[in-house]
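Here is the note you asked for on the helix packing and one of the pockets. Please read it with the model open beside you.

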Amino acid sequence: MKAQYVNELAEGTRVDAPFALRAKEMRATRSGEAYLSLEFADKTGQIPGVCFRPGQEATSVPVGAVVRVRGTVTSFRGVKRVSVDAMLPAQHWEAGDMLASGARSTDELVAELRSLVASITAPDIKRVVRSVFGDKEFFARFSHCPGSQTYHHAYLGGLLEHTVSVATLCRSLAEQYPDADSDVLVAAALLHDVGKCDELAFETAIEYTDEGRLMGHVMLGMRRVHDVTARMRIASSDRMLRLEHAILSHHGELEWGSPKRPSTFEALLLHHADNLDAKASGFVALLGGALRADETWTDSANMFRRPLYAPRAAEDDRPYRADEDAQHTRLTA
């Protein structure tokens, strides 16, 4: 655990701590003097930085590295920033300090995922799901992978949390709509985002890999599923075809990155369950930011493209009386 986090940095604070270097650009002042425009981050947020007359050590540090920053928090045009005196590659730091983690226990989520896998009764489909998650190296990465770069579940363990949530919704939908094939729907929900493990890199920041940029997680996930079915020599069938179609079409629309639009009932239900969980998670995260800033509304620069209402709990607006808890704490014979 490091000594200073971004959300604790107040104007005038002396800084000496490791941060992830998210951005770096060489610029020039009006007088032609070179300086570095920087962005630092850790699990609590990000803050801009500036380094005037940077030396070779500062200019040579690559974006994505963890750096030890020494300087002072200043303000420029009303925005806090770190005025950097020195910036070197950090020698000692903990990965958990650089990226936020989910609130839910990983062990609890893994147990729920295993229960969802166990609920699948179709032998071939269950074999595929078990084989994908049975790869220990892959599952370790899957359990820590974020759910996205920015929009939803953008923290360590977010992918596991999102997957369990979507699959749980789909299991309920299968009970609500008996015409849906529960095994196909739940299996597709469990596998729909496995490609994100290859799409995202998440060492010190959540970034896209080259494969992720060029192919996207939908195609990368299908590649992983195809590799498993080929290795296990699972024959093609109507159920397997519907499983693959649901995974391919879970984004719903071509303009949203879906190679196909949903053409089966299971694919339609998966698309809406996935969209619901992603949007709900993103909405809650935006409200949390507004409440931390003591604001009742968010701004409109968000995934919903509109201000969102963030009401305080009712008791927060009620005047507090010093004696109101007396009846609960008074001792009686």
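1. Basis. This is a predicted model, in which local features need pLDDT of at least 70 and side-chain atom pairs count only at pLDDT 80 or more, while totals for chains, interfaces and linings use all residues. Residues are numbered from 1 along each chain as its sequence is written, and side-chain values use heavy atoms, with hydrogens and water left out.

2. Helices α9 and α10. The axes of α9 (residues 210-231) and α10 (residues 238-248) come within 9 Å and cross at roughly 160°; here helices are DSSP runs (H or I, at least four residues), numbered from the N terminus, and axes are lines fitted to C-alpha atoms over the stretch in contact, with angles running from 0 to 180 degrees between N-to-C directions. The two helices are therefore roughly antiparallel, a term kept for angles over 145 degrees. In the contact (heavy atoms within 4.5 Å), V218, M219, M222, V225, H226 and T229 of α9 meet M240, E244, I247 and L248 of α10. By class, this contact has seven nonpolar, two polar and one charged residues, where Ala, Val, Leu, Ile, Met, Phe, Trp, Tyr, Cys and Pro count as nonpolar, Asp, Glu, Lys and Arg as charged, and the others, Gly among them, as polar.

3. Helices α7 and α10. Helix α10 also packs against α7 (residues 182-191), at an angle of about 40° and with the axes 9 Å apart. That makes α7 oblique to α10, oblique being whatever is left after under 35 degrees (roughly parallel), over 145 (roughly antiparallel) and 65 to 115 (roughly perpendicular). D183, V184, A187, A188 and L191 of α7 make the contact with R239, R242, L243, A246 and I247 of α10, and these residues divide into seven nonpolar, no polar and three charged.

4. Helices α4 and α5. The axes of α4 (residues 123-134) and α5 (residues 136-144) come within 6 Å and cross at roughly 80°, so the pair is roughly perpendicular. V132, F133 and G134 of α4 meet K136, F138, F139 and F142 of α5.

5. The second largest pocket. Its lining has 28 residues, of which Y151, H152, H251, W256 and K279 lie nearest the centre. Helix α11 gives the most to the lining, with five residues.

Key
On a 1 Å grid over the protein atoms alone, a cavity is a set of points where a 1.4 Å probe fits but cannot get out, and a pocket is an open set with protein on both sides within 12 Å along at least five of seven lines; lining residues have an atom within 4 Å of a point.
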